[in-house]
Amino acid sequence: THLEHLECGRQLTSRTGELSVDASFLESQRAKAEERRRRFEAAAREPPPPLPKRSMAWPGGKIVTPNKAEAIASFLERKAGSLDEAKERVLLGELGRAAAEAGAGAAAAASAGAAAASGAAASSSRALAGLTLALSAGGDESGVGQAELAKSIRAAGGVVSNTVHKRVDLLVASARAVKRNTQAVRKARGKFRTPIVSPDFVIDSIAAGSKRDPALYAPTADRAARAAPPAAAASAAP
């Protein structure tokens, strides 16, 4: 410590006579050290501060929406990439049940005061109901961003997964993602054999009010592989 250095300096002075230490300065440093010691002792006798409350930050303030599906979907979107697969599967299951309940309530309300226009809107808003889709659509040539695409899927009754796993029905991948063979594309083609569709599948399904044929929106290489007869594939093999 500083006082030890001063004491060493004083001893050195007594031995060599080459250094001198101001006694008043040394005394002032001892007084400051004693003051710090008393302050720390007083602080040590105080009770420890209370532990912080475990809470989740929500930038929008208090959640007041009664729509459970919307709240879970917003949580999944905020936590994209940071949830483990087991937790995500649980939340996806809750989201599916909440979306089904919301859909049943909307159907009951629509039947109470049915009009043709509202019926058409309801059908298009459920165009992707029952589907779980993963996304690898960043930088798509159509200009539709991945966040916007995810919002459209949820609005149409679909579920968006942050990763490709065995419960994912389709991987929505842009042409750029397929060309670069992203991790999601590799997992879909290799490990899980998940069909891949372009973002146009989502756009056209919502516009039509019902799910379109995914085979029509598969990447060109995937369509060619499915269309090739087994004999041709066997002859092409070495």
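Reader: Which residue in β3 is the bridge partner of leucine 133, and how do you know that β1 and β3 pair?

Author: The partner of leucine 133 is leucine 170, and four bridges join strand β1 (residues 132-136) to strand β3 (residues 170-173), the two running parallel. Two strands pair if DSSP finds at least two bridges between them, so the four bridges here meet the rule. Strands are DSSP runs of E with at least two residues and helices are runs of H or I with at least four, both numbered from the N terminus. This is a predicted model, in which local features need pLDDT of at least 70 and side-chain atom pairs count only at pLDDT 80 or more, while totals for chains, interfaces and linings use all residues. Residues are numbered from 1 along each chain as its sequence is written, and side-chain values use heavy atoms, with hydrogens and water left out.

Reader: What makes β2 and β4 the edge strands?

Author: The open sheet of four strands has the order β2-β1-β3-β4 with parallel pairing, and β2 (159-161) and β4 (196-197) each pair on one side only.

Reader: Which strands do helices α6 and α8 lie across?

Author: Helix α6 (residues 146-155) lies across β1, β2 and β3 and runs at about 170 degrees to β1, whereas helix α8 (residues 183-191) lies across β1, β3 and β4, at about 145 degrees to β3. These angles, on a scale from 0 to 180 degrees, are taken between the N-to-C directions of lines fitted to C-alpha atoms, for helices over the stretch in contact, and contact means heavy atoms within 4.5 Å.

Reader: Which residues touch the most other members of the largest nonpolar core?

Author: Of its 17 residues, they are Leu133, Leu149, Ile153, Phe201 and Val202. β1, α6, β3 and α9 each supply at least two residues of this core, and the largest share, three residues, comes from α6. Leaving aside neighbours within four places in sequence, isoleucine 153 is in contact with Leu128, Leu133, Leu135, Gly158, Val159, Val160 and Val202.

Reader: Why is the pair of phenylalanine 201 and tyrosine 217 called edge-to-face?

Author: Rings of Phe, Tyr and Trp (its six-membered ring) pair if their centres lie within 6.5 Å, and planes under 30 degrees apart count as stacked, over 60 as edge-to-face and the rest as tilted. By this rule there is one aromatic pair, and its ring centres are 5.8 Å apart with planes at 70 degrees, so the pair is edge-to-face. Phenylalanine 201 lies in helix α9 (residues 199-208) and tyrosine 217 in the loop between α9 and α10 (220-227), so the pair ties together parts that are 16 residues apart in sequence.

Reader: How do you know whether phenylalanine 201, tyrosine 217 and arginine 193 are buried or exposed?

Author: Buried means under 20% relative accessible area, exposed over 50% and partly exposed in between (1.4 Å probe, protein chains only). Phenylalanine 201 has 0% and is therefore buried, and tyrosine 217, at 12%, is buried too. Arginine 193, in the loop between α8 and β4, has 67% and is therefore exposed.

Reader: What is said of the phi of arginine 193 and of asparagine 181?

Author: Most residues other than glycine have a negative phi. Arginine 193 has a positive phi of about 55 degrees although it is not a glycine, and asparagine 181, likewise not a glycine, has a positive phi of about 55 degrees. Asparagine 181 is placed in the loop between α7 (175-180) and α8, and with a relative accessible area of 30% it is partly exposed.

Key. A nonpolar core is a set of buried Ala, Val, Leu, Ile, Met, Phe, Trp, Tyr and Cys residues joined through side-chain atoms within 4.5 Å.
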